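I opened the model today to look up a few helices, rings and contacts. These are my notes, in the order I made them.

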There are 2 protein chains.
Amino acid sequence: MRISELSRRSGVAVATIKFYLREGVLTPGRATAANQAEYDEDHIRRLRLIRALISVRGLSVSTTAHIMNSLPHDEVNIHRTLGLVLGVIDPAVEQSGAATPREQREVDRLIDTLGWKLHPRSTTVDTLASTLESLNELGVEIGADTLLPYAQLMEQIAELDLDQLGDVPSALALAERAIILTILLEPVLLVLRRMAQEHRSALRNTVGGSAPERGQRSAER
Amino acid sequence: MRISELSRRSGVAVATIKFYLREGVLTPGRATAANQAEYDEDHIRRLRLIRALISVRGLSVSTTAHIMNSLPHDEVNIHRTLGLVLGVIDPAVEQSGAATPREQREVDRLIDTLGWKLHPRSTTVDTLASTLESLNELGVEIGADTLLPYAQLMEQIAELDLDQLGDVPSALALAERAIILTILLEPVLLVLRRMAQEHRSALRNTVGGSAPERGQRSAER
């Protein structure tokens, strides 16, 4: 299809598509003339993912280009695909300098206790250590013992995540779904945590003359 | 103490402190002369929290001012303090328009199933619904049934969170700790999820001639 039809079917303006092509976010179409190219279903799928990463997740154009270019084209092994795709997208963490050996040791101890097997170049390990360093600077001492129950619960979360990836046909579709689930479920998990905090906190600290509860509002609708 | 000593003890430059005062992020000192004010330990504690929110969490100055001004001064009830403090800080979610009634219903159904009691004005509920809407637009249909096991695990996470708040003496200290734990543990949880995904994914898709594992690197140190 031409770029005009690609625009119509994807809902992305032609000017925006051209911008994505210029910035290397979207793979070029097949050139058919000096100033013309053909696009296919793959481009529609990619545009959808690009919009998700930029509009919904708020990633920068350059980060999005980095992710899109790391999408496998012929990879069928799920673990390798996930490693490739998830390895390039750090969670929304402000990097705050190198962690000290102390935090590194705590993270190593945590991973040993959990029995997790991680790739040596996995950036997640360093990210975790430097985040602990930031917390410790603020007087919140968090070590392996505190993290262990959190990590065990997140392992159960990861199992739920992988269950969602089950029956995806192609590598591109799998990569797309892995990105969407991993990145876009992050805010969902954090919101659920806030809601659960509010609920459990209310249970622990029952107050007299409490505010109307959500269940009551629902009933009023 | 004078502003110069406040700067020295907090490690924040005088010009930055003056900026925070102008922007209403830091509460003013007690005026002692036309152009002079006295600061106390409370200001040091607040400056530490401000730096945490701006530098570590990457919040804007105006959001930080909003949070700082909602800190209770004489509140002793833990639930009210948490509600006040946590209510103003949305998780790092891009708001993406209003959710449709369908997503609202799914969220209501989820909350009913969980038996969670939430404040009717809690923004978390709307945030969750509009995030689901974004996911559904991307072809990822996520409803109450999919979310239920995630929510149950996040409720266990929230219990761990509340355990961390146990023995905090004053309301300001409690609010500070609640903010630090809630906001700064978010990246920790997300990183742990990525690590767990990597580990569990490897377990599910064992590959021949696998890459060296982290345990082996640790042993080499």
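**Helix α1, chain A**

I started with helix α1 of chain A, residues 3–10. This is a predicted model, so I read every value below as computed. I looked for the buried residues of α1(A) and found A:I3, A:L6 and A:S7. Seen down the axis, they fall within an arc of 100°, so they line one face of the helix. Then I checked what follows the helix. Just after α1(A), A:G11 has a positive phi of about 75°.

**Helix α4, chain A**

Next I went to helix α4 of chain A, residues 61–69. Which residues are buried here? I noted A:T64, A:A65, A:I67 and A:M68. Their arc around the axis is only 165°, which puts them on the same side of α4(A). I then turned to the other side of α4(A), where A:S62 and A:N69 are exposed.

**Chain A as a whole**

I stepped back to chain A. I counted 10 helices and 2 strands. Along the sequence the pattern reads α-α-β-β-α-α-α-α-α-α-α-α. Chain A has 221 residues, and 50% of them are buried. I also looked at contacts between residues at least 6 apart in sequence. In chain A, 60% of these join residues at least 24 apart.

**Aromatic pairs**

How many aromatic pairs does the structure hold over all chains? I found 2. In one, the ring centres of A:F19 and A:Y20 are 6.0 Å apart and the planes meet at 50°, so I logged the pair as tilted. I checked accessibility for both residues. A:F19 comes out at 29% relative accessibility and counts as partly exposed. A:Y20 has a relative accessible area of 3% and is buried.

I then read off the pair in chain B. B:F19 and B:Y20 form a tilted pair, with 6.0 Å centre to centre and 50° between the planes. B:F19 is partly exposed, at 28% relative accessible area. B:Y20 counts as buried, at 4% relative accessibility.

**Helix α8 against helix α8**

I looked at the packing of helix α8 of chain A on helix α8 of chain B, residues 144–164 in each. The axes are 10 Å apart, and the angle is about 170°. Angles over 145 degrees count as roughly antiparallel, so α8(A) is roughly antiparallel to α8(B). I listed the residues that make the contact. From α8(A) they include A:T146, A:P149, A:Y150, A:L153, A:M154 and A:I157. From α8(B) they include B:T146, B:P149, B:Y150, B:L153, B:M154 and B:I157. By class, the contact has 12 nonpolar, 6 polar and 2 charged residues.

**A:L181**

I moved on to helix α9 of chain A, residues 171–204, and picked A:L181. Is A:L181 buried or exposed? Its relative accessibility is 2%, so I put it down as buried. I set aside neighbours within four places in sequence and listed what A:L181 contacts. In chain A these are A:D161, A:Q164 and A:L165. In chain B they are B:V140, B:I142 and B:R193. I also checked a distance from A:L181 to A:Y39, 142 residues apart along the chain. Their C-alpha atoms are separated by 26 Å.

**A:H199**

I stayed in helix α9 of chain A for A:H199. A:H199 is buried, with a relative accessible area of 5%. What does A:H199 contact, leaving aside neighbours within four places in sequence? I wrote down B:G115, B:W116, B:K117, B:L118 and B:E155.

**B:L189**

Last, I went to helix α9 of chain B, residues 171–204, for B:L189. B:L189 has a relative accessible area of 1% and is buried. Not counting residues up to four places away in sequence, B:L189 touches A:Y150, A:M154, A:R193 and B:I157. I followed up on B:I157. B:L189 and B:I157 are 32 residues apart along the chain, and their C-alpha atoms are separated by 9.4 Å. I noted that A:Y150 and A:M154, touched by B:L189, also belong to the contact of α8(A) with α8(B).

Key
Residues are numbered from 1 along each chain as its sequence is written. Chains are lettered from A and ligands numbered from 1 in the order in which they are written. This is a predicted model: local features need pLDDT of at least 70, side-chain atom pairs count only at pLDDT 80 or more; totals for chains, interfaces and linings use all residues. Side-chain values use heavy atoms; hydrogens and water are left out. Helices (H or I, at least four residues) and strands (E, at least two) are DSSP runs, numbered from the N terminus. Buried means under 20% relative accessible area, exposed over 50%, partly exposed in between (1.4 Å probe, protein chains only). Contact means heavy atoms within 4.5 Å. Axes are lines fitted to C-alpha atoms, for helices over the stretch in contact, and angles run from 0 to 180 degrees between N-to-C directions. Angles under 35 degrees count as roughly parallel, over 145 as roughly antiparallel, 65 to 115 as roughly perpendicular and the rest as oblique. Ala, Val, Leu, Ile, Met, Phe, Trp, Tyr, Cys and Pro count as nonpolar, Asp, Glu, Lys and Arg as charged, and the others, Gly among them, as polar. The arc is that of the directions from the helix axis to the C-beta atoms. Rings of Phe, Tyr and Trp (its six-membered ring) pair if their centres lie within 6.5 Å; planes under 30 degrees apart count as stacked, over 60 as edge-to-face and the rest as tilted.
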